[in-house]
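Here is a colleague's note, in numbered points. Please keep the model open while reading.

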Amino acid sequence: MTFLVSAIGYSIPFLTPIMLVDTYHLSPVSIGLVMIPASLTAALLGKQGGKLADKRGNTRLFLFASLLLLSAFFLLSFLIGRSLIFVAIALIIGQVGQTFIVVAMSNTIANTLTKEQTGVGMGLMSMLNFIASSVSGAVISLVLDQGALSAWNPFYFFAEGNTFSNLYLMFSLSYTGLILIYITRFGYRTPLKLTKN
């Protein structure tokens, strides 16, 4: 799950600038201006994610973050080609969701493993983050090179961004699967230390 969360989340900083260049023909400065609000909002709300995890539990935070990401990717899958304001709003939703889901995953690992295993578990999570980012970049680049003749999203009507729309749609569907996996593994409870069971 850590691998998939990192791989899909990496698409926000990696795929979005490429989409903004190919579809909107923006300069690097303009791309930064579109993406800065999302980064600033995520930084400002990052602390709230930790508070939500402590107050409501990791499972609820994970589900909330997943729903934010699912919504952001689905919105992006049919907003490409429309106003950049809508794209910026979708990016804010996605970036906040990614920040929250990292908090939820870190807490889940820390609360599931014994004290002796926590350090190894967090180290493995960090390693998977790096591997997932590399694999994700390679796969996304390969898909972009192949292109797409049509959009899978029936609500998307701009042929120029078919490939991007399809990728964002697949990411949104992937988060549906991640939600099901998480619920199957942990249910609707917050995982507790094994030493407390």
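1. Buried here means a relative accessible area under 20%, and exposed means over 50%. The model is a predicted one. By that cut-off Y175 is buried, because its relative accessible area is 0%. Y175 belongs to helix α7. Beyond its neighbours within four places in sequence, Y175 is in contact with V5, I8, S66, L69, L70, F73, Q98 and I101.

2. S165 is another residue of α7. Is S165 buried or exposed? S165 is buried, since its relative accessible area is 0%. Leaving out residues up to four places away in sequence, S165 touches S77, I80, A151, N153 and Y156.

3. Next, the core. The largest nonpolar core has 48 residues, and the members that touch the most others are L20 and Y168. At least two residues of this core come from each of α1 (2-9), α2 (11-24), α3 (28-56), α4 (58-79), α5 (84-112), α6 and α7. Which helix gives the largest share of this core? That is α5, with eleven residues. As general background, nonpolar side chains in soluble globular proteins tend to be buried together.

4. Apart from neighbours within four places in sequence, its contacts are H25, L26, I31, V34, M35, L84 and V87.

5. H25, one of those contacts of L20, sits in the loop between α2 and α3. H25 is exposed, because its relative accessible area is 59%. Check its backbone too. H25 is not a glycine, but its phi is positive, at about 55°. Most residues other than glycine have a negative phi.

6. Helix α1 is mostly covered, with six of its eight residues buried. Which residues of α1 are buried? They are T2, V5, S6, A7, I8 and G9. The cover over these buried residues includes α2, α4, α5, α6 and α7.

7. Now the helix pairs, starting with α6 and α7. Helix α6 covers residues 115-146 and helix α7 covers residues 162-186. Their axes are 9 Å apart, and the packing angle is about 140°. Why is this pair oblique and not roughly antiparallel? Roughly antiparallel needs an angle over 145 degrees. At about 140°, α6 and α7 are therefore oblique to each other. Their crossing is right-handed. I140, V143 and L144 of α6 make the contact with T163, F164, L167 and F171 of α7. By class, this α6 and α7 contact has six nonpolar residues, one polar and no charged ones.

8. The crossing of α5 past α6 is right-handed. On the α5 side the contact uses V102, M105, S106, I109 and A110, and on the α6 side T118, G121, M122 and M125. The contact of α5 with α6 has six nonpolar, three polar and no charged residues.

9. The last pair is α2 and α6. Here the axes come within 10 Å and cross at roughly 25°. The two helices, α2 and α6, are therefore roughly parallel to each other. This crossing of α2 and α6 is right-handed. S11, F14, L15 and I18 of α2 meet G137, I140, S141 and L144 of α6. The residues of this α2 and α6 contact divide into five nonpolar, three polar and no charged.

10. L63 is in helix α4. L63 is buried, because its relative accessible area is 16%. How far apart in space are L63 and T41? They are 20 Å apart, C-alpha to C-alpha, and 22 residues apart in sequence.

Conventions:
Residues numbered from 1 in each chain as written. Predicted model: local features only at pLDDT ≥ 70, side-chain atom pairs only at ≥ 80, totals over all residues. Heavy atoms only, no water. Axes fitted to C-alpha atoms, helices over the stretch in contact; angles between N-to-C directions. Helix = DSSP H or I, 4+ residues; strand = E, 2+ residues; numbered from the N terminus. Parallel < 35°, antiparallel > 145°, perpendicular 65-115°, else oblique. Left-handed = near helix turned anticlockwise from the far one by under 90°. Contact = heavy atoms within 4.5 Å. Nonpolar A, V, L, I, M, F, W, Y, C, P; charged D, E, K, R; others polar. Core = buried A, V, L, I, M, F, W, Y, C linked by side-chain atoms within 4.5 Å. Buried < 20%, exposed > 50% of the residue type's maximum accessible area, 1.4 Å probe, protein only.
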